[in-house]
Amino acid sequence: MNKNMIITGLIIFVLAVLSPFWFNIITTIEAAPKPELLGNAKEEKKCVLEKYDMRANHPSLLDEWRDSVVRDSDRQYKAANGHTFEMSLSTGKNSCLGCHEDKAKFCDSCHTYASVDPYCWECHTNPKEIK
Amino acid sequence: MNQKYLIPLTTVFLLFLVAYTGVEGAGLHQVFGIFIPYLAVLAFLAGFVYKVLGWASSAVPFRIPTTCGQQKSLPWIKQNCIDNPDTSTGVLLRMVLEIFLFRSLFRNTKAAFNKNESNTLSYSWEIFLWLGALAFHYSFLVVILRHFRFFTSPVPSCLKFLEYMDGIVQLGLPGLFISGAVLLLATLFLLARRVLDAKVTYISQAADYFPLFLIIGIAASGLSMRYFTKVDIVGIKTLTMGLVTFSPIIPEGVGGLFYAHLFLVSILFAYFPASKLMHLGGIFLSPTRNMANNTRAKRHVNPWNYDVKTHTYEEYEDHFREKMIEAGLPVDKEE
């Protein structure tokens with residue numbers, strides 16, 4: 001192998017390793033979404049889990065809810081803060097989307113940011129869209 | 001128990017604990033989240049470049065390709081163009097197949113005594129190292145590429161497609177990524193091979209076990225965060241995006257496990273250039289693979305040759321002609 005080839009390969013490798021740095025310089029960055037409480041959620045100020053617990057654990061919570069509702073028809077969830085909630089993603093005032101009204105802000109902004117594509121909406125519908 | 005794997009195992013445990021307790025107990029988020037990752041990338045690049053430049057400047061005076069087939073010879077003898085290449089096209093093909101398919105591992109054999117009465121030593125084809133190596137390298141590649149979702153915003157569609165293909169089995173919640181599971185299983189297999197096969201244990205050093213334990217630790221902590229203990233992924237992405245845009249922020253609510261994962265990755269990066277893992281660069285530079293076997297067709301002069309003072313027969317005769325004629329010895333030129 002001659003030296004020019006080695007140096008060329010080495011430069012390509014270094015550029016590839018540094019790609020996360022220069023890629024964000026040449027493209028415009030979409031900033032991290034800032035969660036905000038809107039509509040009912042703003043007034044209620046109580047939810048099924050604590051803030052950071054919710055951010056990390058809501059997928060598994062929803063998974064448990066689904067099993068509980070579909071298999072045991074048990075729709076009551078007693079939260080750690082003492083309140084009881086209706087286990088529902090999108091139906092009724094007491095459901096997730098009944099309180100957090102804006103799906104685009106409440107669900108999609110973070111999911112898009114983290115490149116997560118949950119299949120909730122293959123069965124459920126956004127209540128705002130039924131009209 | 002064998003100290004050659006006990007010491008690396010303990011080291012990886014300690015490294016994990018250092019980061020975990022450092023963050024959870026001492027609150028050193030800045031150190032483990034910002035300072036050490038930057039340092040690790042610097043060490044990785046500087047070490048890698050230093051190593052490769054060192055190899056590039058060392059002399060390769062001889063053609064030493066390993067030959068695994070018939071050399072180019074007389075026209076009616078069929079040459080093996082890939083395993084004994086005499087052109088740069090053949091060499092390129094050989095290198096591509098070696099780098100992407102690990103052909104030399106495919107030829108792996110094992111020696112063992114027959115288990116019947118004859119008890120003779122026989123060699124047989126052993127494919128599992130090749131399979132394990134392929135599974136490990138490709139799953140690790142996919143895992144690394146998938147992690148670019150933490151360093152790009154918005155995430156490019158090719159990465160989303162990769163995630164879609166990797167999670168196509170739609171198993172469990174969050175959906176299982178095949179590459180992560182394969183990575184952990186393949187490293188465990190490669191470890192089991194070193195530990196359980198006595199002949200491989202005999203030639204295994206601490207430097208062979210350490211990267212294995214390190215990668216197992218990285219894979220296990222990563223899988224744990226995704227499937228079992230859960231983390232605030234948006235918080236983590238603000239940290240990683242902060243790192244690559246040189247405006248690092250420490251997010252709230254991200255626990256010690258993430259920092260331990262990040263620390264083990266940093267150790268892997270920093271350790272990389274000093275270890276056997278440098279075969280990443282070395283495979284391209286191995287003279288037994290990247291040279292054409294054309295020594296019969298082309299003259300290769302040793303670049304180390306210095307100018308040797310020669311004294312040819314003509315010069316000798318010029319020097320001693322009169323004395324030779326006097327003594328009656330035959331000479332080429334009478335004058």
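I call two residues in contact if their C-beta atoms, placed from the backbone, lie within 7 Å. By that rule, and leaving aside neighbours within four places in sequence, B:Tyr259 is in contact with B:Ala19, B:Val23, B:Phe32 and B:Gly33.

Some housekeeping. This is a predicted model, where local features need pLDDT of at least 70, side-chain atom pairs count only at pLDDT 80 or more, and totals for chains, interfaces and linings use all residues. Residues are numbered from 1 along each chain as its sequence is written, while chains are lettered from A and ligands numbered from 1 in the order in which they are written.

Now helix 7 of chain B, residues 178-196. Helices here are DSSP runs of H or I, at least four residues, numbered from the N terminus. Its buried residues (20 or more other C-beta atoms within 10 Å of their own, C-beta atoms placed from the backbone) include B:Leu183, B:Leu184 and B:Leu190. They pack against helix 5 (128-146), helix 6 (157-166) and helix 9 (206-229) of chain B. The face turned away from that buried side carries B:Ala192 and B:Leu196, both exposed, meaning 12 or fewer such atoms.

Next, the largest nonpolar core, which has 48 residues. A nonpolar core is a set of buried Ala, Val, Leu, Ile, Met, Phe, Trp, Tyr and Cys residues joined through C-beta atoms within 7 Å. B:Tyr259 is among those touching the most other members, as are B:Ala19 and B:Phe258. Helix 11 of chain B gives the largest share, 10 residues.

Last, the interface: 25 residues of chain A are in contact with 30 of chain B. Helix 4 of chain A supplies the largest share of chain A's side, 7 residues.

Conventions:
Helix = DSSP H or I, 4+ residues; strand = E, 2+ residues; numbered from the N terminus. Expected span 1.5 Å × (residues − 1).
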